[in-house]
Amino acid sequence: MNPQIRTLADLDRVIHEPGRLMIVALLSAVARADFLYLQHETGINKGTLSSHLTKLEEAGYVAVTKTYRGKVPQTLLCLTDAGRNAFEQYRRKLKEAL
Amino acid sequence: MDQIRTLLDRPKLYNNIDGVGELGASILCLGYSLILLLIMRSPAESVWHRSSFLFFVGMLLLIHYGTKAVKTRITYPRTGFVEHRKQWRTAAIGAGVGALATFALTVVFRRRWDNSMLASLGWVVLATGYGYNAAKALRWKWFIAGAMAVASLVITFLPVNFVRAVGREFPARPDQAKFLGTILLSAMVYGALLMISGGISFWLYLRHTRPPAQEGQ
């Protein structure tokens, strides 16, 4: 198999999905952000965003903290070290493949 | 890859999405001008001379906590909360490059230019930094940056007597009247331009975002 094609096949599928790629890219540029920010920036609806975040959390890429801002519940999200490394690796492989 | 790059830049652009940062900077410039003006126009034994540093620190605290309060009450409930990564290295490199550029320009122009011209040059460096940062998000901010640069040039070439007259009544530094006049005029103009730019951004932000519904985020 062509090495470039093999690189493409090796891409992390958890991150490769467009919605999750947007989430991971946004989170990689900040210390942490809340659910509303991700919703506003990605334009993904609440249910789908929640589902993507669950997958990323299960993969150990995103840490979720439930808290309150005044009386309003707030979900804070940040990329874990594993998530950060996986994203860097993903970008490197994608660059090689392209 | 370009789209990923764009996504990585989004949080930086979000920093001034509401124009509150510019409004804070405008209050800093206008407040500084006001303090300077009060020092120039009041007797040497007045409270403005003795406690100007305290007023300045008070103003900085007011801007810091005021900005934070607006973000907490208006921005975060509408478009979400972001905590930026502490990028000390980038900040240090930026500050270093800015300082070096100013130093180099000062050395180059020192012989032909006086202090007030160099002060104007410093303001132009600020305008360039502002344009580079703010215009990444909104192109029309280049007009504000351009207006700042033009204002600095106009102030530099204003009649000397007029600029001296602005700064003449500062008892401690009578020889520096033109320099102080330049600083004062520049701070006032930059403050006004930042106020206009920040005000427009804030108004547009309020128009294009909805107040929060009482539900979880």
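Strands β2(A) (residues 62–69) and β3(A) run antiparallel and are joined by eight bridges; strands are DSSP runs of E of at least two residues, helices are runs of H or I of at least four residues, and both are numbered from the N terminus. Two strands count as paired if DSSP finds at least two bridges between them. This is a predicted model, in which local features need pLDDT of at least 70 and side-chain atom pairs count only at pLDDT 80 or more, while totals for chains, interfaces and linings use all residues. Residues are numbered from 1 along each chain as its sequence is written, chains are lettered from A and ligands numbered from 1 in the order in which they are written, and side-chain values use heavy atoms, with hydrogens and water left out.

**Strands of chain A**

- V64(A) has L77(A) of β3(A) as its bridge partner.
- Two residues lie between the strands in the hairpin of β2(A) and β3(A), where G70(A) takes a positive phi near 70°.
- β3(A) spans residues 72–79, and six of its eight residues are buried, meaning under 20% relative accessible area with a 1.4 Å probe, protein chains only.
- β3(A) also runs antiparallel to β1(A), with two bridges between them.

**Strand pairing between the chains**

- β1(A), residues 30–34, pairs with β1(B) in the antiparallel sense over three bridges.
- Opposite V30(A) stands H84(B) of β1(B).

**Extent of the interface**

- Chain A puts 30 residues and chain B 24 residues into the contact, defined as heavy atoms within 4.5 Å.
- About 2,500 Å² is buried between chain B and chain A, and carbon and sulfur atoms give 62% of this area.
- Buried area is the accessible area (1.4 Å probe) that two parts lose on being put together, summed over both.

**Polar and charged links**

- Two salt bridges are found across the interface of chain B and chain A, each a side-chain nitrogen of Lys or Arg within 4 Å of a carboxyl oxygen of Asp or Glu.
- R10(B) forms a salt bridge with E41(A), with the closest N and O atoms 2.6 Å apart.

**The side of chain B that touches chain A**

- α1 (2–14), α4 (52–79) and β1 (82–84) of chain B each supply at least two residues of this side.
- α1(B) gives the largest share, seven residues.
- The residues of this side comprise 11 nonpolar, seven polar and six charged; Ala, Val, Leu, Ile, Met, Phe, Trp, Tyr, Cys and Pro count as nonpolar, Asp, Glu, Lys and Arg as charged, and the others, Gly among them, as polar.

Definitions and conventions. Buried means under 20% relative accessible area, exposed over 50%, partly exposed in between (1.4 Å probe, protein chains only).
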